Amino acid sequence: MADFDLTDAVQYHYDQFPPADIDTMRLIKPLASAAAALARYDQMLKGMHNSEILLAPLRNQEAVVSSRMEGTISTLDEVLRYEADHEEDEATDPNRYRTEAVEVFLYSRALTQAQHAIEQGTSISPWLIRSAHRVLLGFGRGASLNPGEFKTEQNYLADRSRRKIQFIPISPQALPLGMEKLTDFIGNDDWELLLRTAVAHLEFEALHPFKDGNGRIGRMLITLMLWHYGAISAPHFYISGYFEERRDEYIERMRAVSQTGAWTDWIAFFLAAIEDQAKQNLAQAEEIGALYEAMKDEFRRLLRNQWSTTALDFVFARPVFRNNMFTGRSGIPAPTAHKFTRILLDNGLLETLEAASGRRPALYRFEPLLRIVRD
C-alpha cells in the first residue's frame, strides 16, 4: 500500500468501543420500526413448512451478493451447479469451475457450519469466527491469505480505483484485546439486540481482524446474532442487498464513527437496513411459500404417489441437482424416483441443464423457484 494516498485515511477509534454516548431518543422510532418488520418476518418463518428447506436457495443468493461486494463476481446458477456436483462427489475437482463460484459456495458452507456449531452449544466467540473464516477462505485466492488466522500485519481498506486508503483498522498488536471486547459485547444482554448487532457489526469491520474476507464474515455475524439471541427463529436473514445498493454510504457511515464518533448515525442507517431487508425477505419468502403450496398440489396431481411431497422438498432444497442424487439420496425408491424425473421433465417443471453422458448423470434445474430467488 506504499503507493496509495493516505491523506484522507481514517484511523480506528481506539478506546471508543463500546460507545458511551448514543442518542437513544433519536433511535426510538427507527428501532421500533425495524423490530416490528423483523417480527413480521419471523412470524412467517415460524409458520413455514420447513424454512431450512424452502429458504436454502436464499442463503446461496446472499452468498452471491455478499461476495460481490468484495469483488468476487459469480451467479446463483453457477454456484448451484458447483454445489450439485460437490454434493454428488466431495472430491469433485474445484478447478473445473471458476474460482469465484467456489469461493461463493464456501460462504454458504461457512454460514451453515457456524449455524451447526451454535446449535451444539458454541457461543459467538473468536474460535467460532476463526472457524467460519477457515471454511470461507478454504479454496482459491483466499487459501493463501491465512484462512482462520488473525492478521499479523497492518491491513487497510482502500479505494483501489483512486489509489486512496480509506480506513486504517486496529493494529495487529491491539487486535486480541479488541476481539475479546467485541465478543464480550456480543453477549451483553444489557444492550437491546438490534442496537447491539448494529454496533457489533461496525466494530468487527473496524477491527478487520483477517487479511481477507472481513466483509463477508462481518455480514454473516449479523444473521448469526439475530438468530442466536432470539430475534429470528431460524438463521435466515439476508442483509447484503441493502448494503450493496448503498455501498458508498455504508462505507462512509462506518468511517464517520471512527472519525467523529457518529455511532447514532450508523445505528440509524443499520436499523433502516434491517427494516428494509426484513420487508424484502418477507415478500420473497412469502412468494417461495406460495410456490411451495401450489407445487404441492401440482406434484400430487402429476406424480400420484405417496412420495410426491418428498420429491417436492428435494427440488426446493436443491433446485439444481444431478439425477443420481435424486434417485439415490432423496429417500424415494429408485424406480419411483426415475419415473418422477420423467414426469416432471415431460410437464416442464424440471429443465435439463446437461443430458446424461456415459457414467455422468443428467443435471436438472427447478426453474420456478430460481426465478423467485434470482430477483
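This is a predicted model: local features need pLDDT of at least 70, side-chain atom pairs count only at pLDDT 80 or more; totals for chains, interfaces and linings use all residues.

Four of its five residues are buried, so β3 is largely enclosed by the rest of the structure. I used the cut-off of under 20% relative accessible area for "buried".

**Entry 2, the sheet around β3.** Which order do the strands take here? I read β1-β3-β2, an open sheet of three strands with mixed pairing. β1 and β2 stand at the edges with a single partner strand each, so one side of each has no neighbour in the sheet.

I then went through the pairings. Strand β1 (residues 10-11) runs parallel to β3, with two bridges. There I found valine 10 opposite phenylalanine 167 of β3. Strand β2 (residues 157-159) pairs with β3 in the antiparallel sense, over three bridges. On that side alanine 158 stands opposite isoleucine 165, and aspartate 159 stands opposite lysine 164.

The hairpin of β2 and β3 has four residues between the strands. Is arginine 163 buried or partly exposed? Its relative accessibility is 37%, so I put it down as partly exposed.

I located histidine 208 in the loop between α8 (193-207) and α9 (214-228). At 12% relative accessibility, histidine 208 counts as buried.

Next I looked at omega. A cis peptide bond joins phenylalanine 17 and proline 18, with omega at about -5°. Proline 18 sits in the loop between β1 and α1 (24-47). Worth a note, because most peptide bonds are trans.

I moved on to an open sheet of three strands in the order β4-β6-β5, where the pairing is antiparallel. Which strands stand at its edges? They are β4 (320-322) and β5 (351-354); each has a single partner strand, so one side of each is left without a neighbour in the sheet. From one strand to the next, the twist averages 35°.

I checked one pairing in detail. β4 and strand β6 (residues 363-365) are antiparallel, with three bridges between them. Phenylalanine 321 has tyrosine 364 in β6 as its bridge partner.

I got about 640 Å³ of space for the second largest pocket. There are 23 lining residues, and the closest to the centre are Glu83, Glu87, Phe105, Ser108 and Thr112.

Where does the lining come from? α2 (51-54), α3 (56-68), α4 (76-88) and α5 (99-119) each give at least two residues. The largest share is that of α5, with seven residues. I also checked the domains: domain 1 (10-276) and domain 2 (304-374) each contribute at least three residues to this lining. By class, I have seven nonpolar, eight polar and eight charged residues in the lining of this pocket.

Conventions. Residues are numbered from 1 along each chain as its sequence is written. Side-chain values use heavy atoms; hydrogens and water are left out. Two strands pair if DSSP finds at least two bridges between them. Axes are lines fitted to C-alpha atoms, for helices over the stretch in contact, and angles run from 0 to 180 degrees between N-to-C directions. On a 1 Å grid over the protein atoms alone, a cavity is a set of points where a 1.4 Å probe fits but cannot get out, and a pocket is an open set with protein on both sides within 12 Å along at least five of seven lines; lining residues have an atom within 4 Å of a point. Grid points are joined across faces, edges and corners, and a volume is the space filled by probe spheres set on the points. Ala, Val, Leu, Ile, Met, Phe, Trp, Tyr, Cys and Pro count as nonpolar, Asp, Glu, Lys and Arg as charged, and the others, Gly among them, as polar. Domain bounds come from an automatic or database domain assignment. Buried means under 20% relative accessible area, exposed over 50%, partly exposed in between (1.4 Å probe, protein chains only).
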